[in-house]
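Subject: Structure handover

Hi,

Here is the structure I promised to pass on to you. Have a look at it first, then read my notes below.

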Amino acid sequence: MVKGVEKLVLDAAQADIPAVSRPFAALGASIGVSEAEVLKVLKAYKRKGVIRRIGGSFETRKLGFSSTLAGMRVKPARLAAVAKEISKFPGVTHCYERAGEMNLWFTVGVHGTMAGVDKKIASFRRLPGVEKCCSFPVKRMFKIKTMFPI
Amino acid sequence: MTLEESVVRALQGDIPLEPAPFKKIAAGLGLSEEKFLGVLAELKRRGVLRSIRAIVRHKRAGYSANAMVAWKVPEGRAVSFGKTAAASPAISHCYQRLTRPGWPYNLYTMVHGRSRAEISKVVAGLVKKTGVKDYLALESLREFKKTSMVYF
């Protein structure tokens, strides 16, 4: 069972940590928790691995990056090897095996235009065991808000 | 590297968990805290920096189930579908994407829940609200990689 203060801190820290001189004091002030207590809770969650990272969340396109979501059909015997090879590329941030006709899905971004992304996808397409690969670039974004109330 | 790139680089990883983290980061870049906070404010104003926040490993926070659900939505209804889906707290990401031959799905929603049953409930709710019945729930079977982008 999560105690009240821990929940308050983690939920607030997932929403926004103010970009001010004493961010954890400001965060705490909004929920009635001291700066020391906020830091204590965040450190504990970081240590336990519940928090992966505390830092900036950026709008990739506005930093001059292009990205896409791609789906692949890979021969089952080759799936793990292909996934590992693709995951080596730093611009691949998510890579999952999923149920269905397309069994491997990943996101890939590169600095520059979409042509660079397409080139990267084409190189992944050539890996042994890959039977099909489609890129599904974004037409319109409706929501990005990862928030997991604990 | 430009000043903004240095600031992005400093924030794409972890900020130190101490009372004045930006003062420390700024010092490492040879900047005053005031100057650093000024760049942050500017990046936020332009929408480059969405926010500074804690990013949670959802499975460890109790959200053990997730599915990427791909929907086939008539083009004219894509916007209303997207807005309806975006309003659901269980949906973290919602995009309209290009379709491909043999792959007519144009709306994508990332659905998170504490169980598969919770996911099914969210999906059923969206079917009921939007009338869109043609979808694929692509449940994640194995995670190979999940990181944040390293920009500079």
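**Starting from a tryptophan**

Leaving out residues up to four places away in sequence, A:Trp105 touches A:Leu69, A:Gly71, A:Tyr96, A:Arg98, B:Met68 and B:Leu138. Two residues are in contact here if their C-beta atoms, placed from the backbone, lie within 7 Å.

A quick word on how to read all this. This is a predicted model, where local features need pLDDT of at least 70, side-chain atom pairs count only at pLDDT 80 or more, and totals for chains, interfaces and linings use all residues. Residues are numbered from 1 along each chain as its sequence is written, while chains are lettered from A and ligands numbered from 1 in the order in which they are written.

**The cores**

Which residues have the most contacts inside the largest nonpolar core? They are A:Ile86, A:Leu104, A:Trp105, A:Phe106, B:Met68, B:Val69 and B:Val111, in a core of 41 residues. Apart from that core lies another, of 34 residues, including A:Leu27, A:Phe148, B:Ala26 and B:Ile52. A nonpolar core means a set of buried Ala, Val, Leu, Ile, Met, Phe, Trp, Tyr and Cys residues joined through C-beta atoms within 7 Å. Buried means that 20 or more other C-beta atoms lie within 10 Å of the residue's own; with 12 or fewer it is exposed, and in between it is partly exposed (C-beta atoms are placed from the backbone). In soluble globular proteins, nonpolar side chains tend to be buried together.

**Where the chains meet**

The contact takes 62 residues from chain A and 65 residues from chain B. On the side of chain A that touches chain B, the largest share, eight residues, comes from strand S1 (residues 51-58) of chain A. Sorted by class, that side of chain A has 33 nonpolar, 13 polar and 16 charged residues. For the classes, Ala, Val, Leu, Ile, Met, Phe, Trp, Tyr, Cys and Pro count as nonpolar, Asp, Glu, Lys and Arg as charged, and the others, Gly among them, as polar.

Is A:Arg140 buried or partly exposed? It counts as partly exposed because it has 13 C-beta neighbours inside 10 Å.

**Chain A**

Chain A has five helices and six strands, in the order α-α-α-β-β-α-β-β-α-β-β along the sequence. Its radius of gyration is 20 Å, well over the 15 Å that the globule rule gives for 150 residues, so chain A is more spread out than a compact globule. (The radius is taken over C-alpha atoms, and the rule is 2.2 Å times the number of residues to the power 0.38. Helices (H or I, at least four residues) and strands (E, at least two) are DSSP runs, numbered from the N terminus.) The domain assignment gives domain 1 (4-48) and domain 2 (60-136), with their C-alpha centres 36 Å apart. Those bounds come from an automatic or database domain assignment. Of the 150 residues of chain A, 33% count as buried.

**Chain B**

Chain B has five helices and five strands, following the pattern α-α-α-β-β-α-β-β-α-β. Its domains are domain 1 (3-45) and domain 2 (58-139), and 36 Å separate their centres, taken over C-alpha atoms. Buried residues make up 32% of the 152 residues in chain B.

B:His58 counts as buried because it has 21 C-beta neighbours inside 10 Å. Leaving aside neighbours within four places in sequence, B:His58 is in contact with A:Phe148, B:Tyr63, B:Asn66 and B:His112. B:His58 and B:His112 are 54 residues apart along the chain, with 8.4 Å between their C-alpha atoms.

**Confidence**

pLDDT is the predictor's confidence in each residue, from 0 to 100. Chain A has a mean pLDDT of 95, with 99% of its residues at 70 or more, and chain B has a mean of 94, with 100% of its residues at 70 or more. For the complex, the predictor gives an ipTM of 0.89 and a pTM of 0.89.

Cheers
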